[in-house]
Structure formats: C-alpha cells, structure tokens
Amino acid sequence: MLGWELPPWNSGGLGTACLGLTEGLSEHGVDINFVLPKTFGDTSYDHMNVISAVDYANDDAIKQLLERTDMSEEEIVRQLAYGTKVAIGEHQRLLVQHFQTEIPVSPHAQASWYAATAARIAKKNPNFSVIHAHDWFTYYGGMAARKVAAADGRHTPFIAQIHATEYDRCGEHGDPRIIAIERTGLNAADRVVAVSHYTKEVVHKYYGVPRSKISVVYNGIPNKKQPKQFDFAELKRHHKIVLFMGRMTMQKGPDYFVQLAHKVHQKDPNVRFVMVGSGDMEHRMIEESARLGLTGTILFSSFLRGSDVDRAYQLADVFVMPSVSEPFGIVALEAMQNGTPVIVSNQSGVAEVSNNILKVDFWDVENMAKSVLHVLHDAHASKNLVAGGKHDLQTLTWTQAAKVMHNVYHDVLGGAPHHRPHLV
Amino acid sequence: MPNICFYFQVHQPYRMRHYRVFDIGESTDYFDEKTNRDICRKVADKCYLPANALMLELINKHNGAFKIAYSISGVALEQFAEYTPEVLESFKKLVATGHVELLTETYYHSLAALFNPDEFREQVRLHQQATQHYFGVTPQIFRNTELIYSNGIADMVEDLGFKGMLTEGVDRILAWRSPNFVYEPHNGRGMKLLLKNYKLSDDIAFRFSQQSWNGWPLTAEKFAKWVHETDGAADTINLFMDYETIGEHQWEDTGIFDFFRSLPESIWQHPQFGFATPSEVITATPSMAKIDIPDSISWADTERDLSAWLGNPMQDNAIAWVYKFEEGLKALEDPALLHQWRKLQTSDHFYYMCTKYWSDGDVHKYFSVYDSPHDSYVIMSNILTDLAIRIKQHPNHKPRTVKVEVESTAATEEKASTKTTKEKATKKEPTKKRTTRVSK
C-alpha cells in the first residue's frame, strides 16, 4: 500500500482514513506493507509493516535526471517511473523536506521520486498480490510497482483509491500538473476506488474514467474507540456553540461558515461560533469576521490534535461542514460519535451515508442558518439526530469499509478464492 | 539659554498568554507570567540596571548639572516590584538625587483618553498614587500613552491640574514652526506643551547603530555639534525616547552607553547649552504660541497618528469591546477583576494586531510575542468571552446593568476620527518608524 501520511504525523483526513482502513483490512486477514515517503520517530503499528521510502532512495540518476533542462518533466517522470537506478543525495533530502513542509516543488518531481523508490521497494519485497495507492502523489508509484511485477511475469492489479481530487481541493483553479498525474494514474489503474458516489461522479466527469471501473468504499470510524467525555458546563451554560472543524482552505468552505455566523447572529446574538483549523484562508477568515462585527461571536482555534478534537466536538451544540466539495467527510462521523448533531453540505460523500444528518447546499447560507437555528432551538429534533446518528454509526465502521474493500480485492484478482492478498 | 530636555519612557505590558477556546469559563489566568517575568529579567539586565547605574553616575559626577525625566507605566512598576525589585530600587535612588523628574501617565499605558474620559481620569489618578507610593512624589507634568495628543485630551489633562504635557513634534502640525520652543494647547489656560524634536531624538533611538545612515557612527561630539547648531533658534531640545533604547533596542556593543557617558561634557562644550527637566523648562520658558491639534497625533510609526493601534477591523472591534465592559464591571466592585480588565487595555495588545507593515517584517513584528497580528486578536476574543461570563456569574452582578455584547463596529465617533487622521497621513515618509517599547 502506498500512502502519504499516517497518524499521529498527519495533516488531515487522508492519514486517518489510511490507518482506519488498514486496521479493518488486517481484521480480514490482509498482510500490509505500508509505504510512506518518510517516517518520523517511532512509527510502528501492530497491524502492518511500515516502510519509509527514503530508506530505498539511494542512487544517482534521479539527481542527474532532475537537473536536466533539455527534457520535459513528463519525459523525466517516465524515465524515473520505470525503475531507473538512481540516487539523489542532497537533492533527495531536499525533496523529502519539501514533501513534508508542502513547499511547492514540481508535483512531477515529487510523484516520480516516489515512483522510483516504490519500484525499488517492489523489487526487494516481491511477495505482493495487490497494489493499493492513495491519492495522486502515489499513483506513479503504483504504476511503477505493477511494472516491476510484470517484469517478473506476474500480473498484479493496481488499485488507485481517491480520497480527494484536485477539483475538490481547488475547484476550477487546481494545479494542472497534479490533475495530469491524477488523470494518468486513475486511467492506468486496474480499478479506481472512490470514497463516495459523489466522488465517483467527480472522477467520471473530470477524469474520464468509466463508471464501470470505479468502486465505492465509504470511509468509517474506529468501531472500538469511544471518545473520552469532557465537561464544559460553564461555557455551555451561557452560549450555544456552532462548530467548524477542518483545514481553512477553499475546499472546506470556511467563508460560508463565516456568512452563516453572520446570519445566525442577527437572529440569535447569544450563539457562539468556533472555527478550528489552520490553512491559507485562516487569516482572511479572522479579518472577515472582525469586519462583519463578529468579534467575540466567532472564536478561533488553530489545528487541534488528539483528545482536543473530541473536546471541540463535545463543546458544540451543532457541527457544520459547509464543504464546497467533500469526497467523504469523516469529521461528520466523528462529530456524531461525540453526540453532536451534524449539518453537512450536499456536496459531500458523507451526506450519502446517514439520514440523521441535515443536508444543505454549501452556497445556501440562508437555509444553513435555518437548519442551525432549528437544531439549536428544538431540543427534541437535536436529540433525535444524535440518537439516530449513533445508530447509523454502528455500520459506518472501518471494519465494514474494509469488508467492502476486501471484496474489491477479490474482484480485481479475478475472484480466485485461493488468493490471499498481500499488499505493497 | 537652550537646554536639552531628556525624557525616557519606561514600560512593559502584561502580555497575554495563548488563552484557548477551551480555557473560556475555566480559567482567569489571562497573562503569560513566565514570558513577562523573563522579558522583565532580560530587559533589566540589558537596559534598566546598567542604564540606571550610568545615569546615577552622571548625575553624581556632574553634581546635578545633568538631569533627566522618566515616566514609568503602572504596569511596569508592578512587574518590577514582583519580578525585578532591584530595578525599582535603582529608580528610587535616581529620584532621590533630586535631579530626576517623574511624569504621570495612565497607569495601564492605555488608550483610555480616546475611549472613555472617566476611565482615563481614573487611570491617571491610579498612576499618581503609585508614583507617590513608590517614590514619594507627585508629578506636575503629564505624558499620555505613546504621546497621543489632541486639543480635547489637553483639555482633560489641564482640568486635572497638570502644568505641562508632552507630545510629538509632528511636521504636519508644526509646519514652519520649530519643536524647540514651548507651546500651549489651542484652548489652553496656562498649561504648557513640550514637543519632541523627533529628528534628534530618532538619531539616537533609531539610527544610532544604522550603518547605512550617513550620520553613522554617531559620537557624542557629533551629536553635540548638531545640537549646538540650533543656537539662536531654540529654547529647548526635547529628546524623548524609549528608555529601552539604551542597551535593549541599541545593544551595548553599539556603543550606546559610552555615547551617553560622554554626552554631557560634549554638550557643555558650548557654554550656552545645558540640561533641564520638563518642569524646569516650562517654568523658565514663556510660551511661543497656541497650537491647534484637532485630530489625535502620537509618536508611533511614520504616520505619527493612531494607526498603530486602531484602524483595522480587528483592532477597532477588539478595543470597542474592551471598553464596553466598563459599566458592568465597575458595578461589581471587584478590584481584582477590574485590574484584569484594565491590563487588557494596555495599548500594546492593539499594537500587536496592527497589519500595516506586517509583511515587511517591520518593528511591529519585532516587538510582538505572537506569530501574527491575528493571534493577538484571537486570544483577546477568547479572554473577553471569558470576562463576559465572569461578570454574568459574579455574586454582585445585577443582570440589567450589563452591556457586554459586541456590536458591529467601534464607536462611530472613534471610527470617524481614526479615518480622518489616516487620510491625512497618506503621504508616507519612509525615513523612520516609531515603536512601542515591548522587547521580545
């Protein structure tokens, strides 16, 4: 399995999803080698083996290739992606640094670096029967590993799972280079797995992947874990709280949340809004809230980790996810798990999985405000949403997600029952 | 005979800690005790202690012919008493020489003069009490926070019985006039004004160690020569600056201590020149003219208006909200809570929220303990939300008297006045920038 991040070293939902899914898969008897660009500190998990790609990146040609100016990026990538023996030393170190700090370097350089190392990993660990890659960064790696297996005469299916497309992240203003990698990877894959029907349609519409090649596997939440309970008697005694939780980027719709706060504030000035998360729109949202006179009405908190996340959900009387385009939206399930009523945008995958979630269009702030006030002022309705949501969560687990994914493996391997998937 | 009138501002705010949303309703621990203690300690070692020792040495050596003035904010005095008592003792020694004048300011180094006259007068009274308590003197001269001044503020200050007031010698106000004379407020009834000679003051405060400046390196002789050149066109050369200039903004290795050590003798090279305290200057010197300053001026940034603390929505809304607490809080008669609130009025909090020069990595950034102007705003919003809850749940609280909800904008009057001053200040002159005195 080729990934980008795993908790606790994650910047968002992708890492959470990969961890949950692999835990579920291991319950189904799947052995997993999980490749990360680089591991930090003590990254070990009981249910799978984690490989740090950096440990395999040690020959010269990438450096030479990356320094060439007489070749197109695509050409360089093609050469790198097919298992050329390369090492990059300082350049490699810098690339890895870039991966982690998200300083924009050429997406092709990132993807192809990962592809070259994935090819080497595949050679050293040839005992795999399915390749499962998560999001654009890893797709060339999936292709490269499949090529390595093919060279040994094995047909090894490559599954490209899509957790978020560049269109989700950036709308029409995505990086065309990343979109190109996504298109190449998704079309090259033997099977595409989307985290919702919403995303399946995005992949079909924007990347031209036939619907018949796309399976849907919903995300889930850990089935065992019950959140620790926090007490907010004092603040909650004085104010109803509406929560935003997510990166402050265009995709997550923080600007719609600020507009929502403005609308609700006019009807009920005692409501407080808490926006949790960091991102390129954070400062703009803070300034905008001040400009709208919502000082003290909207409170802000940077990115939270660990139990503070549960704490924030429990602080809230309603959780709103106004995402402009959300392939799934695990945060909504987390909120439900913490007993908080949920409102999500129709432009999200999670809207498909439960009837105990209120749904509005992300741009329909008027309606969103009505829904918020409804949940805040109608204790009965709020209680029903929470109870119904808890019921729905019983089937929205990673165990359940992994079961469906396991069927997909089965399917791509030609349904042969003797195959025991072992994954890169 | 023209005199040099040195005035040093001594101030340290209570910096807010990273008070989180989760702290609301749970903690009244608003301020970062460790940071405040560490900064006090650091600035004491780099500036207050060695600079005070130097000033005492000069006063004793010259038998009082060298003299200076300070204002020490109440919040700084409090922190000295708690964190660095030896600093307080060294100031007491200086005052006891009889050649050091203390000035009054608002205890909390606040912008109350702009927002709430009653609160302003109360904080002036608190500062006078503190000065009396620590030093046994009652100052006759007033300097408002950051030298903020307008006709209206002058009226309030004169009503309080002060004989003189300090402010900035702003070019757009003075026009052809010189700051080197004594003036009176527009509606003055005898109170006198001393205006900062910002060119000579900033030569020391800002340019002293600037190697790209053609005056560099600045020696006492060279500086004295510039001072002497004003002969015939000056009654007083008002050199007003942050005390932290000596050793903190300008480090010891820039030669700042040696500069001050030899300055008195260099000044006396011209027999007509000497040193005087603000009180001595206003007593000895008649006023040249009345001066009309309808819109607020200050010594901050190149604009020398209020735009360091007010003008962006974060600043305007945060400060408007702070002052909305007044009525509800005072009704509680809870001195500890009142003190907490007043510490939030310190101008530095709003200075940190300034976005004017943020991208340039300018002095605002240097003087802030936060990563961005937004941090300061976010933290203050959390704290004020807590404060509102404290008031509601207070045993003395009578629900009908409280007005703590935020309204959409700052008081319209304030908005208007900020806007006018900003418009007037659009002609930027990128030569020097004023700062507040919060060292990192």
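**Domains, chain contacts and a sheet**

Guide: Keep in mind that this is a predicted model. Start with the domains. The C-alpha centres of domain 1 and domain 2 of chain B lie 26 Å apart.

Visitor: Where do domain 1 and domain 2 of chain B run?

Guide: The assignment gives 3-291 for domain 1 of chain B and 313-418 for domain 2 of chain B.

Visitor: How many residues of domain 1 of chain B are in contact with domain 2 of chain B?

Guide: Contact here needs C-beta atoms within 7 Å. On that basis, 27 residues of domain 1 of chain B meet 21 residues of domain 2 of chain B. Helix 4 (residues 112-115) of chain B gives the most to the domain 1 side, with three residues. By class, that side has 14 nonpolar, eight polar and five charged residues.

Visitor: Now the two chains. Which helix of chain B gives the most to the side that touches chain A?

Guide: Take the totals, then the elements. The contact joins 26 residues of chain B to 18 residues of chain A. Helix 12 (313-324) and helix 17 (373-392) of chain B each supply at least two residues of the chain B side. Helix 17 of chain B gives the most, with nine residues. The chain B side has twelve nonpolar, nine polar and five charged residues.

Visitor: In what order do the four strands of the open sheet in chain A lie?

Guide: The order is 3-4-5-6 in chain A, with parallel pairing. Strand 3 (131-134) and strand 6 (214-216) of chain A are the edges, each pairing on one side only. Neighbouring strands are turned by 25° against each other on average, direction ignored.

Visitor: How many bridges link strand 5 and strand 6 of chain A?

Guide: Strand 5 (residues 191-194) of chain A pairs with strand 6 of chain A over three bridges. For A:A194, the bridge partner in strand 6 of chain A is A:V216.

Methods. Residues are numbered from 1 along each chain as its sequence is written. Chains are lettered from A and ligands numbered from 1 in the order in which they are written. This is a predicted model: local features need pLDDT of at least 70, side-chain atom pairs count only at pLDDT 80 or more; totals for chains, interfaces and linings use all residues. Two residues are in contact if their C-beta atoms, placed from the backbone, lie within 7 Å. Ala, Val, Leu, Ile, Met, Phe, Trp, Tyr, Cys and Pro count as nonpolar, Asp, Glu, Lys and Arg as charged, and the others, Gly among them, as polar. Domain bounds come from an automatic or database domain assignment. Two strands pair if DSSP finds at least two bridges between them. Axes are lines fitted to C-alpha atoms, for helices over the stretch in contact, and angles run from 0 to 180 degrees between N-to-C directions.
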